[in-house]
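Please look over the sequence and the structure before reading on.

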Amino acid sequence: MSVLPLVFTSGWASGINAYAVVLLLGIFGATGLTDEVPESLQRPDVLIVAGVLFLCEAVADKIPYVDSAWDTVHTVIRPVSGAVVGALLAGQSGSLSDLAAGAIGGSTALASHTVKAGTRMAVNTSPEPVSNFVISTAEDLGVGGVVTFAMFHPQAAAIIAAVLLVLGLLMLFLLVRRIRRFLRRRAQRREEKRLAREVPPPP
């Protein structure tokens, strides 16, 4: 399938920022820069909703701990978005190739979302908030750059996305221990707060 590289790239990008992907693809299609984007992604209402949600994510994703909560909420949203966008890019006939494109987009989005969410947990173990802002901004720029590049060079963009995905998975593997410590400390803090609420006040 000639559209498969774009499906893979959009899936990778959807796992990081699904709203940016929908917004960029819709804009590229509406402005006539590409014929690969279906009309359903170019609708004004879709672009407006994607733009508003993108702004919300741009803010939430740069605040420590809020970003992890946002990622948790989007554990389902991002893979589903990647699958839907992949199927739409492949076509809307319901054929086996469309379903395969949806599966590729969804599974790739799930993998990149796992990398993003896990990495952000590790970053949140640091007491300073600057790293969250820097990483979130780099993710936004990376998604925008790779998706834009995919409009003109889909095969090369898919290779870049694949390399970034593999590197992200390797980095996440190395950060697993740090993430586990973070989760244990968070669970301990929640337990301490619960016990503090249950302790009756002194007479």
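The largest nonpolar core has 28 residues, and Trp12, Leu25, Val143 and Val147 touch the most other members. The model is predicted.

**The cores**
- H1 gives the largest share, 11 residues.
- Beyond its neighbours within four places in sequence, Val147 is in contact with Ala13, Val21, Leu24, Leu25 and Phe28.

**H1 against H5**
- H1 and helix H5 (residues 130–152) pack at about 80 degrees, and their axes are 9 Å apart.
- The angle falls between 65 and 115 degrees, so H1 is roughly perpendicular to H5.
- On the H1 side, the contact includes Leu6, Trp12, Ile16, Val21, Leu25 and Phe28.
- On the H5 side, Glu139, Asp140, Val143, Val147 and Met151 are among the residues met.
- By type, the residues of this contact divide into 14 nonpolar, five polar and two charged.

**Helix H2**
- H2 covers residues 44–60, 17 residues in total.
- From first C-alpha to last, H2 reaches 24 Å, close to the 24 Å expected at 1.5 Å a residue.
- Its buried residues are Leu47, Ala50, Gly51, Glu57, Ala58 and Ala60.
- These buried residues pack against helix H1 (4–30) and helix H3 (66–90).

How values were computed:
Residues are numbered from 1 along each chain as its sequence is written. This is a predicted model: local features need pLDDT of at least 70, side-chain atom pairs count only at pLDDT 80 or more; totals for chains, interfaces and linings use all residues. Side-chain values use heavy atoms; hydrogens and water are left out. Helices (H or I, at least four residues) and strands (E, at least two) are DSSP runs, numbered from the N terminus. The expected span of a helix is 1.5 Å times one less than its number of residues. Buried means under 20% relative accessible area, exposed over 50%, partly exposed in between (1.4 Å probe, protein chains only). Contact means heavy atoms within 4.5 Å. Axes are lines fitted to C-alpha atoms, for helices over the stretch in contact, and angles run from 0 to 180 degrees between N-to-C directions. Angles under 35 degrees count as roughly parallel, over 145 as roughly antiparallel, 65 to 115 as roughly perpendicular and the rest as oblique. Ala, Val, Leu, Ile, Met, Phe, Trp, Tyr, Cys and Pro count as nonpolar, Asp, Glu, Lys and Arg as charged, and the others, Gly among them, as polar. A nonpolar core is a set of buried Ala, Val, Leu, Ile, Met, Phe, Trp, Tyr and Cys residues joined through side-chain atoms within 4.5 Å.
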